[in-house]
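Subject: A structure for you to look through

Hi there,

Here is the structure I promised to pass on to you. Please open it and keep it beside you while you read.

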Amino acid sequence: MIIKKITVIFLLLNFVFINSSYSQKDSDVDRIVLKYPKHFSSTEDLAERIQKDFTSEHDKARAIYSWIAFNVKYDYAVYLNPPRTQGFSYSTEAEKQRKIQQINDKLIEKSFSSQKAVCEGFTALYQHLSGLVGLKSEIIRGDSKIRLADIGRKKLSSNHAWNIVLIDEKWRLIDVTWGQGYYDNSKGKMVNDFTSIYFDTDPEYFFAKHFPDSGSYLGNRLSKEDFLNGPLIYNKTIEGDYKIKAPDSGIVEAKYGDKITFEIKNVSKSDLLFYLNKKNQPVKIQNSKAKRGGIEFDITYDKNISDYITIYLDTFSIVSFKIIPK
């Protein structure tokens, strides 16, 4: 799940859609789904409603994503105190699979009826509803990158789950858990804040924040080192398509007086960019210059910069790096 910094990280005020060719269609799908009941008597009833209202595979997949994100809340209490793993005995492979299916069915029903879940419940429900409307979906388990401390982490862990869904003969990346909201440290509770950016996410952004247990995606090997050592990007980075070109690693070695060069695509010189010093005071970026569809600027590393440096656009976090003194 995504942990929100108090004032700036993941503050999503409007629905902003990552795929411009689908943006109007997506907003139309969401407007229809927002009028759905918050509770259906069964998953079959919800699936029947989606089948009635939408015909394309894309719109059905999007409607499932939106309904779950609008109505199922992240169960932070279960996240903090997960139940013990449920064991069972079996004598045949068929009996084993039947009991696994029974456990999965209970998870789906609980997530749907209580409208509370952690990532396992979100993904199981998404896969189940996809099957009911004729779509093929799979659950992927792996690591997630959500905190400053994740930059340069040494080991992978299996701490998250997401979906892929087949739309028009192409597998799309889905993380409906992260689409529904975030945890607000200042309030000590989950905040419902729908975002569309984790529906059919660009793989370049998706795998900057997710790494599958298999280490591969559609047969292609992913770089564990790039994931662990890459910078931390945020929701606004994906929304605005702000590609981080430099530094090329999330770990920057520097000594006092060194100039660290940053390059970010799709940002202009007129945009308000700043970082925070050790006293949490904003320091405006003054020396930016246009470069290849974005801007380039330098920040001098000195004693006022802490172990991490985060670049902000207006009030939104864009990217964070870990600074290691030489």
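Below are my notes on what was found in it.

This is a predicted model, in which local features need pLDDT of at least 70 and side-chain atom pairs count only at pLDDT 80 or more, while totals for chains, interfaces and linings use all residues. Residues are numbered from 1 along each chain as its sequence is written, and side-chain values use heavy atoms, with hydrogens and water left out.

Let's start with helix α3, residues 57-71. Helices here are DSSP runs of H or I with at least four residues, strands are runs of E with at least two, and both are numbered from the N terminus. Buried means under 20% relative accessible area, exposed means over 50%, and partly exposed is in between (1.4 Å probe, protein chains only).

Next, the inside. A nonpolar core is a set of buried Ala, Val, Leu, Ile, Met, Phe, Trp, Tyr and Cys residues joined through side-chain atoms within 4.5 Å. The largest one has 69 residues, and Trp-67, Ile-68 and Tyr-126 are among those with the most contacts inside it. Helix α3 gives the most to this core, with 8 residues. Apart from it lies another core of 6 residues, including Trp-162 and Phe-207.

Now look at helix α2 (residues 43-53), where Thr-43, Leu-46, Ala-47 and Ile-50 are buried. They cover an arc of only 100 degrees around the axis (taken from the directions from the helix axis to the C-beta atoms), which puts them on the same side of α2. The face turned away from that buried side carries the exposed residues Glu-48 and Lys-52.

There is also an open sheet of 4 antiparallel strands, in the order β13-β15-β19-β18. Two strands pair if DSSP finds at least two bridges between them; β15 and β19 pair over 7 bridges, with Ile-260 opposite Ile-299 in β19.

Finally, two loops to find. The peptide bond from Ala-246 to Pro-247 is cis, with omega near -5 degrees, and Pro-247 sits in the loop between β13 and β14. Asn-280, in the loop between β16 and β17, has a positive phi near 60 degrees.

Enjoy exploring!

Methods: Expected span 1.5 Å × (residues − 1).
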